[in-house]
12 protein chains.
Amino acid sequence: MSPSYLVIHGPNLNLLGRREPEVYGSTTLVDIDARLEEWADAQGVEVLSIQSNHEGELIDAIHEAASWADGIVINPGAFTHYSYALRDALAGVGVPAIEVHLSNVHAREAFRHVSVTAPVCRGQIVGLGWRGYLLALQALLEEDGA
Amino acid sequence: MSPSYLVIHGPNLNLLGRREPEVYGSTTLVDIDARLEEWADAQGVEVLSIQSNHEGELIDAIHEAASWADGIVINPGAFTHYSYALRDALAGVGVPAIEVHLSNVHAREAFRHVSVTAPVCRGQIVGLGWRGYLLALQALLEEDGA
Amino acid sequence: MSPSYLVIHGPNLNLLGRREPEVYGSTTLVDIDARLEEWADAQGVEVLSIQSNHEGELIDAIHEAASWADGIVINPGAFTHYSYALRDALAGVGVPAIEVHLSNVHAREAFRHVSVTAPVCRGQIVGLGWRGYLLALQALLEEDGA
Amino acid sequence: MSPSYLVIHGPNLNLLGRREPEVYGSTTLVDIDARLEEWADAQGVEVLSIQSNHEGELIDAIHEAASWADGIVINPGAFTHYSYALRDALAGVGVPAIEVHLSNVHAREAFRHVSVTAPVCRGQIVGLGWRGYLLALQALLEEDGA
Amino acid sequence: MSPSYLVIHGPNLNLLGRREPEVYGSTTLVDIDARLEEWADAQGVEVLSIQSNHEGELIDAIHEAASWADGIVINPGAFTHYSYALRDALAGVGVPAIEVHLSNVHAREAFRHVSVTAPVCRGQIVGLGWRGYLLALQALLEEDGA
Amino acid sequence: MSPSYLVIHGPNLNLLGRREPEVYGSTTLVDIDARLEEWADAQGVEVLSIQSNHEGELIDAIHEAASWADGIVINPGAFTHYSYALRDALAGVGVPAIEVHLSNVHAREAFRHVSVTAPVCRGQIVGLGWRGYLLALQALLEEDGA
Amino acid sequence: MSPSYLVIHGPNLNLLGRREPEVYGSTTLVDIDARLEEWADAQGVEVLSIQSNHEGELIDAIHEAASWADGIVINPGAFTHYSYALRDALAGVGVPAIEVHLSNVHAREAFRHVSVTAPVCRGQIVGLGWRGYLLALQALLEEDGA
Amino acid sequence: MSPSYLVIHGPNLNLLGRREPEVYGSTTLVDIDARLEEWADAQGVEVLSIQSNHEGELIDAIHEAASWADGIVINPGAFTHYSYALRDALAGVGVPAIEVHLSNVHAREAFRHVSVTAPVCRGQIVGLGWRGYLLALQALLEEDGA
Amino acid sequence: MSPSYLVIHGPNLNLLGRREPEVYGSTTLVDIDARLEEWADAQGVEVLSIQSNHEGELIDAIHEAASWADGIVINPGAFTHYSYALRDALAGVGVPAIEVHLSNVHAREAFRHVSVTAPVCRGQIVGLGWRGYLLALQALLEEDGA
Amino acid sequence: MSPSYLVIHGPNLNLLGRREPEVYGSTTLVDIDARLEEWADAQGVEVLSIQSNHEGELIDAIHEAASWADGIVINPGAFTHYSYALRDALAGVGVPAIEVHLSNVHAREAFRHVSVTAPVCRGQIVGLGWRGYLLALQALLEEDGA
Amino acid sequence: MSPSYLVIHGPNLNLLGRREPEVYGSTTLVDIDARLEEWADAQGVEVLSIQSNHEGELIDAIHEAASWADGIVINPGAFTHYSYALRDALAGVGVPAIEVHLSNVHAREAFRHVSVTAPVCRGQIVGLGWRGYLLALQALLEEDGA
Amino acid sequence: MSPSYLVIHGPNLNLLGRREPEVYGSTTLVDIDARLEEWADAQGVEVLSIQSNHEGELIDAIHEAASWADGIVINPGAFTHYSYALRDALAGVGVPAIEVHLSNVHAREAFRHVSVTAPVCRGQIVGLGWRGYLLALQALLEEDGA
């Protein structure tokens with residue numbers, strides 16, 4: 001059976017490319033998902049992308065992923081900074097996860113770049129734009145193949 | 001077309017006037033919305049009020065407001081203190097917003113009066129009871145007319 | 001009329017017994033609820049158990065409990081550490097509540113054992129496993145009978 | 001007898017409109033006082049405005065206001081951040097006061113937006129420009145009439 | 001041989017019921033010990049209660065308990081907040097212990113509710129009055145029987 | 001020549017006995033100064049009392065005292081918490097000084113009881129009401145006579 | 001019956017005058033107690049002085065004082081900084097107490113001058129040497145006579 | 001027209017050379033001003049020196065300097081550590097300023113060497129005694145001539 | 001001309017694969033460099049790898065890279081946590097850089113995962129082993145080609 | 001006269017070798033003291049060892065040591081972290097002391113390794129097991145002989 | 001013999017004028033050294049300038065300066081913030097030193113402006129560009145001549 | 001083969017005995033090394049001593065020691081407080097190491113006594129002067145022989 005991955009876009013990421021393009025660029029979430037889809041087809045793997053502004057829905061999705069996904073790529077958006085519930089969900093299901101941030105959060109203000117979710121992830125990719133998602137998927141896939 | 005405003009009441013504000021009246025008075029949320037309605041009719045403007053205990057629903061409402069509202073008046077309740085997701089929503093849609101608190105949050109315990117949402121609002125009105133909502137709407141309307 | 005109690009299991013507790021058994025044991029939430037049910041039958045009291053990963057749903061349930069429950073036993077899970085909205089809900093309805101944690105959170109890392117909900121509860125039972133729920137219900141019941 | 005109010009402009013506010021207009025606009029303190037005067041005439045109330053760069057003079061004025069003023073509107077300027085003496089004066093005379101800031105101090109650097117005077121005021125209006133003073137006077141007047 | 005338990009009342013608990021009844025009620029330590037005695041008789045177990053204002057005596061008692069007690073129920077009073085020596089004694093003897101506090105220490109001032117002894121206990125029961133001791137003994141007894 | 005002392009009452013102490021009597025009692029500053037006067041006459045010493053809400057005037061008075069006073073008794077009021085200028089003045093003139101507070105500042109909120117002036121005083125008397133001034137003068141006088 | 005007072009000298013104060021005279025002077029504890037005795041005889045009051053290096057003994061003495069003493073003068077020595085048990089003892093017996101320190105603890109390193117006992121005392125006298133004990137006794141006596 | 005400079009000596013600097021000579025040397029403020037005068041004559045520039053213990057007077061002087069001075073040399077004394085009002089005055093008038101301290105404040109206790117005024121100055125000269133004023137004036141003059 | 005990249009391995013990375021294999025795996029630095037070489041040949045780009053335990057040598061190499069490299073991939077090792085000099089070097093030369101760490105530094109102790117160099121890099125790749133270097137090079141190359 | 005030393009074993013060290021051997025080894029306190037005795041005989045010096053769980057007894061012993069001991073070797077156990085009274089005793093008697101810990105407290109959790117007693121000791125030996133005591137005695141003896 | 005001075009330029013200062021001219025201007029280190037040379041010739045003194053990115057080389061140079069230099073002018077660059085080794089070198093050799101920074105470090109981010117080297121220097125000159133070096137040399141020379 | 005040890009003296013220790021003898025005594029590094037040599041000859045072991053002010057050289061030496069040394073004794077000097085690179089080197093080579101400080105760093109200012117290298121050492125010897133090195137070597141040797 002081919003490997004399957006869940007990609008999670010957290011709160012406000014549905015605004016991507018439509019609001020504040022000077023900060024986040026003009027690429028929309030639809031664009032990103034299309035590129036991931038393309039890559040998935042080329043690799044012969046499954047990628048399911050979801051977006052939600054509801055913390056509870058993201059947790060439910062992570063729980064469900066435990067039964068089908070070989071890996072999770074997650075951009076927790078603002079939940080990065082306080083959602084211990086999301087963190088516990090990731091830790092609880094035990095599916096290998098990689099945290100992705102589009103822009104370089106380390107270059108921004110002190111408080112915001114603390115991630116409560118990163119410690120329970122396999123790794124973190126920061127500041128490489130939409131390619132970050134792709135690199136994360138590659139890393140998960142290569143690890144599976146190793 | 002007449003100006004339109006969204007009024008958002010955050011978590012637990014549905015209890016207003018029914019619980020702990022010695023702290024928050026006996027005015028209910030229905031009473032407050034009725035007075036805002038009255039004022040809206042007198043001014044010839046639209047005011048839509050919503051209340052929810054779900055962070056995600058408030059974020060969704062703010063996103064939708066981007067297509068119809070000229071301003072937002074928001075009492076984030078306890079989300080004031082930790083919802084960076086709400087903050088990002090307000091910052092993302094770019095609709096001018098004013099934060100309102102019924103009681104003087106600055107006179108209460110140190111930790112609680114830090115607002116993570118105020119920095120992305122136009123301003124903040126604190127401690128003036130239900131009139132705070134009205135003053136906020138006036139300020140938004142006058143600014144539009146200026 | 002016989003006393004009635006609401007038992008609330010917060011985020012990720014639905015994973016109990018299925019994930020990380022070496023930390024939390026192999027008892028599932030269904031097992032725990034069955035034992036509470038048994039106890040309730042023996043005592044002639046009502047116990048309603050709910051679990052949700054959605055902060056808003058927990059708040060709604062607490063609001064509704066104000067009209068029927070004589071007490072609340074709550075394991076807020078990760079919300080323990082940041083949900084001021086949950087805390088305000090508990091404080092707002094005024095139903096006596098006891099906070100329960102399965103493992104000894106005081107024995108774990110410094111930051112996590114800060115509880116923002118405990119101050120508005122009657123008490124807290126920590127580290128006694130599923131018996132903690134039962135002891136909490138007993139305490140509420142004995143207090144009612146006093 | 002008609003209601004009377006004291007409006008206090010703290011240190012450096014005499015520079016308003018003459019220095020750093022890109023931050024504070026080109027409206028001068030004289031312009032603001034004229035508009036408050038106009039509003040006072042229309043309402044049939046008294047408004048006395050003072051400005052001083054001397055902490056002691058502001059305290060003296062607050063003490064004297066205890067014998068004639070029905071309310072105080074105060075923009076403490078930089079004293080907001082450290083003048084416990086000003087705070088004790090406001091607390092001591094017991095005249096209802098509302099704190100006003102022209103720009104959104106919450107959107108500026110962390111340290112500065114802590115107000116030591118707000119806890120002893122009735123409320124606070126922030127970020128609404130010169131209209132903030134007017135809204136504060138309205139709130140005091142309506143409260144008197146209630 | 002029937003199970004035996006040591007109950008330890010820390011500093012100032014000899015004042016119980018005789019001083020500050022508005023905070024701690026009118027039940028005296030003698031009353032509490034009588035009820036524990038009663039319960040012990042009914043269960044056919046041994047319970048030995050001691051009280052001391054001397055940290056060293058409490059430590060000695062814990063050391064001795066290692067040779068005869070099946071469990072310890074301890075209310076360390078103010079030692080809760082700083083006696084690392086007491087903590088080491090509990091950790092050192094390895095007798096299962098449960099910490100009890102009469103009132104809800106978590107609802108009081110920030111600093112005080114840090115317990116340095118809880119981390120080496122099996123669990124902690126807080127805010128349930130004298131019943132807390134009883135619940136702790138029950139928990140220890142049931143664990144033994146499991 | 002008979003010993004001479006300066007007694008300094010800081011900001012807002014002119015309100016004493018007239019405002020918030022439930023906190024500070026009904027004794028006015030005039031009453032206190034009369035009692036100090038009485039004591040001075042009985043001892044055959046000089047006591048000069050001043051009160052000001054202006055930090056600069058207090059500093060000037062301390063500077064002048066260097067040429068005539070054998071000791072200073074100072075209640076810095078709110079300046080206690082931030083006036084490093086007052087502290088430098090006391091340290092600079094080298095006249096022995098004792099700091100006095102009417103109520104027990106240690107029993108109030110954490111931040112306020114830090115005194116920046118106490119380190120440069122001979123000692124501090126706190127919480128003993130108007131008698132604190134008298135005890136401070138006695139201590140200075142006895143030290144002179146020693 | 002003549003008023004009676006307990007004077008408590010905390011840990012290491014028995015070294016006074018014999019060790020580190022350059023810091024604490026050459027006056028011994030015996031000298032101080034002799035002077036307090038003298039004053040007591042002149043005033044027709046009783047003064048009992050004790051010294052101990054054992055926290056438990058100080059607590060016991062405070063408990064016993066509840067049945068005979070009209071006031072307590074206490075120099076808690078190093079216990080000032082951490083003995084919450086001593087604090088609870090003082091708060092528990094409700095006998096008016098005044099805390100005394102020989103040297104100006106505020107002029108020493110930051111951490112040490114935090115007193116956990118002062119908040120439950122009537123007041124505090126600091127830095128006036130052995131006279132501090134005498135002034136504290138005077139203050140207690142005058143208050144009794146008022 | 002020849003360049004003109006304002007030299008501001010903050011609180012307690014009038015004591016210079018007369019008090020604590022072992023810390024600040026025996027040079028008086030009059031001596032320093034005479035040397036600056038001398039230098040000014042030699043250079044053909046104007047230097048006006050003022051000293052005040054009143055924060056408000058220093059702010060007024062800075063405001064007035066906006067209409068005649070080409071630069072400001074300021075030793076804010078103890079105001080360095082808390083006078084945000086002074087800082088706002090310097091920032092408001094926009095005249096280039098250099099902060100001077102006679103002794104090396106960095107070599108003293110941690111808290112004191114934080115300057116709230118330095119960030120709005122052009123630069124800072126520390127620890128070089130009275131020469132620091134002269135070097136500051138030279139730097140302002142050379143910059144004008146560049 | 002083909003793009004050229006500098007790969008910098010910081011202090012102790014020469015131990016890779018030879019020490020603590022349970023933490024860092026058995027891959028040596030020579031192995032990693034060989035794989036990067038391979039990739040470089042396949043892509044037709046230049047990759048120069050260096051390793052040093054000397055902060056100054058790394059700074060010198062970064063300075064020299066300004067004249068020939070199109071990008072830098074840097075694993076600063078322990079310098080990540082304190083070398084502001086390295087940070088200034090990276091910021092100063094302006095060559096796009098990506099920071100790489102082999103293991104998940106975020107899952108380790110709190111203090112260590114603060115990176116002073118990341119803020120001046122384009123991004124950061126963490127926890128993906130030696131593949132992190134390759135992903136970083138890919139990202140730089142793709143960016144050049146965009 | 002031959003040199004004499006006091007060896008102090010603080011609270012819970014009487015459990016050594018009998019409890020938690022996996023952490024502290026199986027060597028008992030009796031074993032250690034025997035080895036120290038042996039060494040003392042060989043060197044022709046006196047070594048007196050005591051152990052107590054009572055802070056007061058340790059302080060008394062230190063006071064008495066002032067009249068006979070040439071040095072103190074102390075393992076304060078848990079008192080290390082909070083006993084300012086012990087610290088004052090050590091500082092007060094002025095006998096050279098060395099603090100010893102059996103295991104490497106620096107390698108354990110942050111808070112615990114803060115020692116309030118070490119600053120008043122001559123030195124500290126950490127992590128060298130029972131040999132630490134011997135090395136400390138040697139150091140004291142060699143210093144005497146120098 | 002004519003006075004001799006060592007001027008030390010820390011890490012990255014060799015980039016001066018060649019990188020980021022919008023922050024540091026276009027003046028190069030060669031330009032600065034030329035001007036210092038010119039001044040030295042005019043004054044008849046010796047000035048030796050060195051630059052290094054290696055902390056160890058700077059320390060070695062300071063050690064050597066102990067045998068020939070009458071003063072040191074040092075711009076430690078980024079070492080300012082963490083090189084306790086540099087600080088110990090300056091403190092160890094005892095040659096009078098003045099710290100220089102080209103731009104106003106106080107106006108930049110909080111953390112960076114803490115200098116660990118300033119406390120062991122005679123003084124500090126900040127924000128006055130290349131003139132800062134010259135003013136520092138003048139100050140050292142005048143002090144020698146005094 | 002006889003055991004061999006590396007002794008490392010960190011930055012500025014070459015100044016020992018030549019600078020600030022009132023703090024560090026008059027013993028030079030040459031003296032210390034001679035004594036260690038002597039001891040080594042007597043024991044029939046090898047001891048190699050090095051000193052460097054260059055962090056990189058110390059790291060290189062530690063790496064090389066992995067192939068020949070049975071233990072390391074290191075006085076990291078000022079690197080103690082910030083050199084995570086040194087720490088990683090020590091942790092990486094896995095040779096047992098003991099940290100030595102000549103004077104009692106615990107008795108000095110708060111910040112400095114934090115050691116980042118101690119957690120990866122076997123133990124630490126502090127405040128025993130040059131004997132500390134010898135005691136450390138003994139401890140290593142005895143451990144080998146056990």
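The following exercises concern a predicted model.

The model is predicted, and local features need pLDDT of at least 70, side-chain atom pairs count only at pLDDT 80 or more, and totals for chains, interfaces and linings use all residues. Residues are numbered from 1 along each chain as its sequence is written, chains are lettered from A and ligands numbered from 1 in the order in which they are written, and side-chain values use heavy atoms, with hydrogens and water left out.

**Exercise 1. Describe the interface of chain F and chain H.**

Step 1. Contact means heavy atoms within 4.5 Å. By this rule, 17 residues of chain F touch 16 residues of chain H.

Step 2. Buried area is the accessible area (1.4 Å probe) that two parts lose on being put together, summed over both. Here the area is about 1,300 Å², and carbon and sulfur atoms give 51% of this. On the side of chain F, the residues losing the most area to chain H are F:H63, F:Y84 and F:G92, together 37% of what that side buries.

Step 3. A polar contact is a pair of N or O atoms within 3.5 Å; within protein, one must be able to donate a hydrogen and the other to accept it, and residues adjacent in sequence count only if both atoms are side-chain atoms. Between chain F and chain H, 7 residue pairs are in polar contact (both at pLDDT 80 or more).

Step 4. Helices (H or I, at least four residues) and strands (E, at least two) are DSSP runs, numbered from the N terminus. Helices α3 (55–65) and α4 (84–93) of chain F each supply at least two residues of the side that touches chain H, and α4(F) gives the most, with 8 residues.

**Exercise 2. Determine how many residues of helix α3 of chain D are buried, and what covers them.**

Step 1. Buried means under 20% relative accessible area, exposed over 50%, partly exposed in between (1.4 Å probe, protein chains only). Of the 11 residues of α3(D), 8 are buried, including D:L58, D:I59 and D:I62.

Step 2. The cover includes β1 (4–9), β2 (46–51), β3 (71–75) and α4 (84–93) of chain D, as well as α3 of chain F and α3 (55–65) of chain H.

**Exercise 3. Classify the ring pair of D:Y84 and F:Y82.**

Step 1. Rings of Phe, Tyr and Trp (its six-membered ring) pair if their centres lie within 6.5 Å; planes under 30 degrees apart count as stacked, over 60 as edge-to-face and the rest as tilted. The count over all chains is 36 aromatic pairs.

Step 2. The centres of D:Y84 and F:Y82 are 6.2 Å apart and the planes stand at 45°, so the pair is tilted.

Step 3. D:Y84 lies in helix α4 of chain D and F:Y82 in the loop between β3 (71–75) and α4 of chain F, so the pair joins two chains. Both D:Y84 and F:Y82 are buried.
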